[in-house]
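Hi everyone, thanks for coming. Let's have a look at the model together.

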Amino acid sequence: MSDHPSSNAAELKEAFGAAEARNPELMAVLVVDDSAVYRKLIGDHLRSWGFGVSLAESGAQAWGILERQDAPKLVLLDGVLPDLDGTEICQRIRGVGSSRPYVYVILLTSNKGRQNMLDAMQAGADDYLVKPFDELELKARLLVGKRILDLQEELVSARESMRHAATHDSLTGLMNRGEIVAMLERELERARREHHPLSVILGDIDHFKSVNDTLGHLFGDEALREVGRRLRSQLRIYDGVGRYGGEEFLLVLPNCDLPNAMLRADELREMISRAPVLCSGEERLITMSMGVAVSASDRKNEVEVLLKEADLGLYEAKEKGRNRTEHCPSAVKKTPAGRKSKS
């Protein structure tokens, strides 16, 4: 490449290598250039401006770095490389799509002309700088790129916060009713395809009104949070738990038949009552009643049927003295007027 400052390329390569460790607190920049002189020149500028630096001397090496989970999101890319050229790397970066964080690419080239600039932008570059470049212009372009990436990160964070708020209960941090029912629908469809059982557990805190009346709503809130924490801590990674409403919690257990679901419900119920809930110097043992239901692939309206069976089992547990687990198939008729309060 032309316009290279004179230096010993072999010594520079030995000193700086093809890749350099980065300080995770700094925004990292990947410098891709087959010239060891330019890699050193640009790398020195970046360090003095407060950036972390990774170095690559070929397109293949650069792509290997960009495929990592911790890849830099800001790239200074030489347009002409001995293997993959800059436009091809840009196309690969953009081909990944939204599954990975956005990568801001500044293409560096010795070729002047508007067509070259247009080709670079059409390939996916965000900016374009002609060698030899002025260092202050390079710094300005980098600061623009950093500002755009920072803004995008804020937008992604805000979007994730909004998504979480829309799908999770603000008190317990568990999935809310809509999200846990949506998970149940998804897992039921998977269970049908794979011909596996799926069980649900509907749990309700016993005498929760008494907890609020005697110890106050702050204690009641802490009891709900603590029950949520205990339930979540005992589930498999692919199980789900959500706050179904009030003091009720719904658990979704994929690939779990009725005997195992009954066993799991009893284990969870005993774990809940093993230690008291503590709040502001007060403590109280909390117990739960649980109703269990298991899927059957030949039934229609499976979600409604499962929830109804779990609800019937829960009422059965309440009527038999609370702090117990029951399974009550929907074929067993219950008179709504004869039901007692769940609490």
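So, is F133 buried or exposed? F133 counts as buried, because its relative accessibility is 14%; buried means under 20% relative accessible area, exposed over 50%, partly exposed in between, with a 1.4 Å probe and protein chains only.

Quick housekeeping. This is a predicted model, where local features need pLDDT of at least 70, side-chain atom pairs count only at pLDDT 80 or more, and totals for chains, interfaces and linings use all residues. Residues are numbered from 1 along each chain as its sequence is written, and side-chain values use heavy atoms, leaving out hydrogens and water.

Back to F133. The structure holds one aromatic pair, and F133 is in it with Y38: the ring centres are 6.1 Å apart and the planes sit at 40°, so we call the pair tilted. For Phe, Tyr and Trp (its six-membered ring), rings pair if their centres lie within 6.5 Å; planes under 30 degrees apart are stacked, over 60 edge-to-face, and the rest tilted.

The two partners are 95 residues apart, with Y38 in helix α2 and F133 in the loop between β5 and α6. Those labels are DSSP runs numbered from the N terminus: helices are H or I with at least four residues, strands E with at least two.

Y38 is buried too, at 3% relative accessibility. And K131 lies over the face of Y38, 4.3 Å from the ring centre. Elsewhere, the charged end of R177 sits over the ring of Y244, at 3.9 Å from its centre. That call needs NZ of Lys or CZ of Arg within 6 Å of the ring centre and within 35 degrees of the ring normal.
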